[in-house]
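Please look over this model with me before we discuss it. My notes are in numbered points.

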Amino acid sequence: MATCAVEGGCPSDYVAISISILSMILLLAKAIKPYLVHNIPRPQGRSFWLIALQLFASFNLILSTVMALGLLRTNMMHWWNNCYLWSVWIEGPLGFGLLLGCRILQAFQLYNLFVKRRLPPIRSFLFLTLILFPWLASATFIHVEKPLDNRCHMGSLWIIPIMCLHALYVVAMVGFTGAIRHIEFRFQELKDLWRGILFSTFCVGLWVVCYILNMAYEDIELIQIISRFLLLVMTSLLALSFFSISISQPLVTLTSLREREHPPSAMMGRALGLLPDSGLLVEWDSIQLVNPIEPLDKLLLNKRFRQSFMEFADSCLAGESVHFFEEVQQLDKIPSADHVRRIYMARHIIDNYITPGATMEVNISHRCRQEILSTLDLAHPNLFKNSLNELIHLMKTNLANDYWSSTFYMKLKEEARMRVVERELEHSGWNFSHRMSSIHCADDPFHHEHSPGKFGSSSCHLELMQ
Amino acid sequence: MVFMLCKIIDKMGLLCSRQKHSRADFEDNEQTAEIDRRIEQESKAEKHIQKLLLLGAGDSGKSTIFKQIKLLFQSGFDEVELKNYIPVIHANVYQTIKILHDGSKELSQSLADSSMFIISDENKQIGEKLSEIGGSLNYPCLTKELAQEIETLWRDNAIQETYSHGNELQVPDCTHYFMENLQRLSDADYVPTKEDVLNARVRTTGVVEIQFSPVGENKKSGEVYRLFDVGGQKNERRKWIHLFEGVSAVIFCAAISEYDQTLFEDDNKNRMMETKELFEWVLKQPCFEKTSFMLFLNKFDLFEKKVPSVPLNVCEWFKDYQPVSTGKQETENAYEFVKKKFEEVYFQNTAPDRVDRVFKIYRTSALDQKLVKKTFKLVDETLRRRNLFEAGLL
């Protein structure tokens, strides 16, 4: 007993290590599961790196705790058993700092999007580097000053500023989260975030107590053993709870799992409770009125025409403009008072159509693109007006003439003719009753849950399409 | 429906129904055989068709070449098609005048010596009105009065001054041509001429194709080409990859007059640099290992006009260019320099195992019908020779 407190390898240490290994496995499983089980395409760019970085940071944090506290009975003389490597560099900048940095970054992004209503003014990578800077600086400082003793413990003089640094980052995260609390989030991110924060502050509090106890009372063996046991367990729980807080990845968890059968472009609108189109009556009346003389932007409001035009544009690899038109149309349906949903939709459109290199990037001028990307209000009703304007002109001059002579238009005309014949056959006794009921279900799209059940939405859709 | 199902099952070798008439069966077989024969014929014909791609950055003249092909080797444009261009041409006019007007405003604010960009008081109101029209979704008909107003504004010194700074704005090349023809464009019974159509600027999106045979009249050539035109802006290039299979020749257009201009889709990028990078990228494509490359150094007419006033070395790529003489000789020198630069890029990006692919450079200006015709005859000849060569080897 006397030795294991100093050299490590007490039974309680092994229990703690197994708990931490278990939590690490859980963490990995949690991160990979959605992609393996549900076959979601791997997230790309920013979101992927944030997740990967968090996993990396959690792993570092746990491992460094194990190594620095001497839970394992190892030869202290090995070069890799260096105190400064583990308890300063890997625990600090690469562990705790990185983990909290990622979280603060996410909260910062949400703060910018929904409170400031603009795209984050600083690139995420740069922000992360900035936020890690104090950690790197203090780690270098400690490395130079060498305050650690041979058991990797530091005197109480050092513990206080270091704990302050840890606490500062927790406070920063709570602060940013506090700033966005009044927004009613669509995907319950905030609730998750608060839950996570409550739990992790509790963990951090306990962790700090343990850390101080561990560092200060070197002579009392029982305290040593208990405190390092608690330290490791708390670290594992902290990492686990941090990862469970879903934030800014609502699409993965909510929409793609349930609505995979829809094309990705339609997904955002659906997730926000918008049905692609509910103007059934208009459609019936206007289908025969498709007239090449009318301006294209008016014609495109007609759902059947838009579909036909979209098919045509897709067939000559120019579909993104029409898709963009449709999505902006959906955005316009969101009442201007509903900032949060507008911002979600706007951001979705920006990510998919506007940012350079986006999967459906549209052919707009530099000026228009900059105007959108540097906007001061993401919920502004005319955010996409100029680019839409440019694209309508593009479609008019480039696609429209070819469309009128394409088979897609022939088909549409034929269909319209058939409708007229059908209607004449049924005389004036057109009975709307059963259709009315079907319209009713789509009439009030906003009362739908944001993720309408598979059957609910598709059956509704079927009737609409009939 | 049931009958069709039977047919399918029948084909699969299953006995579907016994009471089927043998005659109908026979007719069916006849029909399917006919269809099979047709498909075979068509795929045989397909093999003879050579696939040409028009590639290049945005506004490098791909679509103008495409229109020329239509004029030269196809039926050309009938009156309906010509009239379809009226809204395009009018849109060009409205958009251009808006760009110039807004540009003059911007320049007068940003530059130190701003007085020359300030539109005279009597034209200010016209300018505001035209700018508003240019920003609207549906343009009004170009009436005589409107044309008159546009012309007045165009003649304004500030606008002219702005136009000479056109390389900083995205002023289309057709500006001068259309502005000088405003009266004709605003005629009530205006029908665009061939030249108008060639000058009209339309940003292409997606892919357009055309099939033609260069020697239309005497049918001696027999070579049939299918030419694909694509959009050139950055976002359009992701679609190119769908066309890369089985290409006989890539016609790469590079607008050599654009060495002092920036991209439509990215104001911070020089067009020439972009063209260079794009050319490198295309050359490296594994699909084009055996593909011939026809480099069209396009817009020579504009290049000729620009070289005396704007030195070639404003572009980073041509930094080491030193003007040696003046006048026509200087233009030739500059052109040869640019040509050499492109040649360098070609050979740097062509792996040793690909050296047998054909590479030719042509000096073109897409608006010049005779020149394009001549160039295409040359291209056709090169490709035919290449085919014979390959056939001889095999």
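The points below go from confidence and overall make-up to individual sites.

1. Ground rules. This is a predicted model, where local features need pLDDT of at least 70, side-chain atom pairs count only at pLDDT 80 or more, and totals for chains, interfaces and linings use all residues. Residues are numbered from 1 along each chain as its sequence is written, chains are lettered from A and ligands numbered from 1 in the order in which they are written, and side-chain values use heavy atoms, with hydrogens and water left out.

2. Confidence in chain A. The mean pLDDT (the predictor's confidence in each residue, from 0 to 100) of chain A is 74, and 72% of the residues score at least 70. Two stretches need care. Residues 275–286 of chain A have pLDDT below 50, with 26 contacts in the model beyond near neighbours in sequence. Residues 429–466 of chain A are also below 50, with 42 such contacts. A contact here means heavy atoms within 4.5 Å. Where pLDDT is low, the predicted coordinates should not be read in detail.

3. Make-up of chain A. Chain A has 21 helices and zero strands. These are DSSP runs numbered from the N terminus: helices are H or I, at least four residues, and strands are E, at least two. Of the 466 residues in chain A, 51% are buried. Buried means under 20% relative accessible area, exposed over 50%, partly exposed in between (1.4 Å probe, protein chains only). Among contacts in chain A between residues at least 6 apart in sequence, 73% join residues at least 24 apart.

4. The annotated domain. The unreviewed UniProt entry places "domain: RGS" on residues 295–413 of chain A. UniProt positions follow the numbering used here, feature names are shortened, and annotations may be inferred rather than shown by experiment. The span is 69% helix and 0% strand, and its end C-alpha atoms lie 17 Å apart.

5. Helix α17 of chain A. Which residues are buried in α17 (residues 366–373) of chain A? They are His366(A), Cys368(A), Arg369(A) and Ile372(A). Seen down the axis of α17(A), they fall within an arc of 165°, so they line one face of the helix. That arc is taken from the directions from the helix axis to the C-beta atoms. The buried residues of α17(A) pack against α16 (339–354) and α18 (385–404) of chain A.

6. An unreviewed UniProt entry marks Ser63(B) and Thr204(B) as "binding site". They span 142 residues in sequence, yet no two of their C-alpha atoms are more than 7.3 Å apart, so they gather at one spot. Ser63(B) is in helix α3 (residues 62–73) of chain B. Thr204(B) sits in the loop between α10 and β2 (207–212) of chain B. Thr204(B) is buried, at 9% relative accessible area. Their side chains make a polar contact at 2.6 Å. Such a contact is a pair of N or O atoms within 3.5 Å; within protein, one must be able to donate a hydrogen and the other to accept it, and residues adjacent in sequence count only if both atoms are side-chain atoms. Leaving aside neighbours within four places in sequence, Thr204(B) contacts residues including Asn363(A), Asn398(A) and Asp229(B).

7. Ser186(B). Ser186(B) lies in the loop between α9 (182–185) and α10 (194–199) of chain B. Ser186(B) counts as buried, at 5% relative accessibility. A polar atom of its side chain lies 2.9 Å from the backbone oxygen of Gln183(B).
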